[in-house]
Amino acid sequence: MNIFLLIMAAALALPALAADPASLLAGYQAEARKADAAFAASARRGEHFFTATHGGEWSCASCHGNPPDGAGRHAKTGKTIAPLAPGADPQRFTDAARSEKWFGRNCKDVLGRVCTSAEKADVLAFLLKRRS
Amino acid sequence: MRPVLLAALLALAALPAAADKPRLPPNPVYKAECGSCHVAYPPRLLPASSWQLLMQRLDRHFGTDASLDAGAREEIGRYLAANAGRREPPPGVEPRITETRWFAKEHREVPAALWKGTAVKSAANCGACHRRADDGDYSERTLRLPK
């Protein structure tokens, strides 16, 4: 019976983890509006953020490429990275915890700090506009 | 009772496939977490002490942030310790497979220019030459040097 309960618990937990890019974007936007009620995610701002360096050596595009609907390549290891834009890879931004983990790591590498909710919302708006 | 049966059958079905690849003992957490920025390196290519050094400072991992939550870190740490090799450790607090004596010896016939070329970029990019490195397969059959 214990196994049964475990399986049920796992099945129930799944929907909570699953997400889609649009709802993640909405979540970041809502978070950003707590600081700035007039905030609206902007693909144009997101593109600029994505392709610019921020005091360090790398931009987001250094590994993910630009436009990010093609495969990227890790700037240091040379490993191929699957496209980041959800239009090119439907697996992208479908797991909130995974997105947060990589925002956490990669923002530190590119900006030397965590990204704000506004920055994440802008980047997602940019990535969602890119369809291949 | 059905789901239990189903789960048991699925688990059984998965076993033989995993047993096919003895070179990289299967651990999905390791492959997912340590195989994203580069291939998931075979645990046997570094001794346990070197893996331990790497796992202690994942937030400053070769100039990048590879930090993990505590659960994944512990699981991967256990997996690496259990499957580590026994050769002499490479130097430094950031030990590299590519700086072991074994690696230099095994790769002495690779032309120097190839390591730095754009196709390979870094000796740590095993997959540029070992086309199935993602699956832990480094056999000669799957080796193809880029031009």
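**View 1. Three salt bridges cross the interface of chain A and chain B.** A salt bridge here is a side-chain nitrogen of Lys or Arg within 4 Å of a carboxyl oxygen of Asp or Glu. One of them pairs Glu33(B) with Lys101(A). Their closest N and O atoms are 2.7 Å apart. The model is predicted: local features need pLDDT of at least 70, side-chain atom pairs count only at pLDDT 80 or more, and totals for chains, interfaces and linings use all residues. Residues are numbered from 1 along each chain as its sequence is written, chains are lettered from A in the order in which they are written, and side-chain values use heavy atoms, with hydrogens and water left out.

**View 2. Polar contacts and the chain A side of the interface.** Between chain A and chain B, 10 residue pairs are in polar contact, both residues at pLDDT 80 or more. A polar contact is a pair of N or O atoms within 3.5 Å; within protein, one must be able to donate a hydrogen and the other to accept it, and residues adjacent in sequence count only if both atoms are side-chain atoms. On chain A, α1 (2-17) and α5 (96-111) each supply at least two residues of the side that touches chain B. The most come from α5(A), with six residues. Helices (H or I, at least four residues) and strands (E, at least two) are DSSP runs, numbered from the N terminus. By class, this side of chain A has six nonpolar, four polar and seven charged residues. Ala, Val, Leu, Ile, Met, Phe, Trp, Tyr, Cys and Pro count as nonpolar, Asp, Glu, Lys and Arg as charged, and the others, Gly among them, as polar.

**View 3. Extent of the interface.** In all, 17 residues of chain A are in contact (heavy atoms within 4.5 Å) with 24 residues of chain B. The two chains bury about 1700 Å² between them. Carbon and sulfur atoms account for 51% of that area. Buried area is the accessible area (1.4 Å probe) that two parts lose on being put together, summed over both. In chain A, Thr77(A), Lys79(A) and Arg105(A) lose the most area to chain B, together 32% of what that side buries.

**View 4. Two loop residues of chain B.** His61(B) sits in the loop between α3 (48-56) and α4 (70-83). His61(B) counts as buried because its relative accessibility is 14%; buried means under 20% relative accessible area, exposed over 50%, partly exposed in between (1.4 Å probe, protein chains only). Beyond its neighbours within four places in sequence, His61(B) contacts His38(B), Leu54(B), Ala66(B) and Glu94(B). Pro26(B) lies in the loop between α1 (2-19) and α2 (28-34). Pro26(B) is exposed, at 56% relative accessible area. Tyr79(B) is 53 residues from Pro26(B) in sequence, yet 9.6 Å away in space, C-alpha to C-alpha.

**View 5. The largest nonpolar core has 25 residues.** A nonpolar core is a set of buried Ala, Val, Leu, Ile, Met, Phe, Trp, Tyr and Cys residues joined through side-chain atoms within 4.5 Å. Tyr30(B), Tyr41(B), Trp51(B), Ile76(B), Leu80(B) and Ile97(B) touch the most other members. The elements giving two or more residues are α2, α3 and α4 of chain B. The most come from α4(B), with four residues. Not counting residues up to four places away in sequence, Trp51(B) touches Tyr30(B), Tyr41(B), Pro42(B), Pro43(B), Leu46(B), Leu80(B), Ala84(B) and Ile97(B). Another core, of 23 residues, lies apart from it, and includes Phe39(A), Leu84(A), Cys107(A) and Ala121(A).
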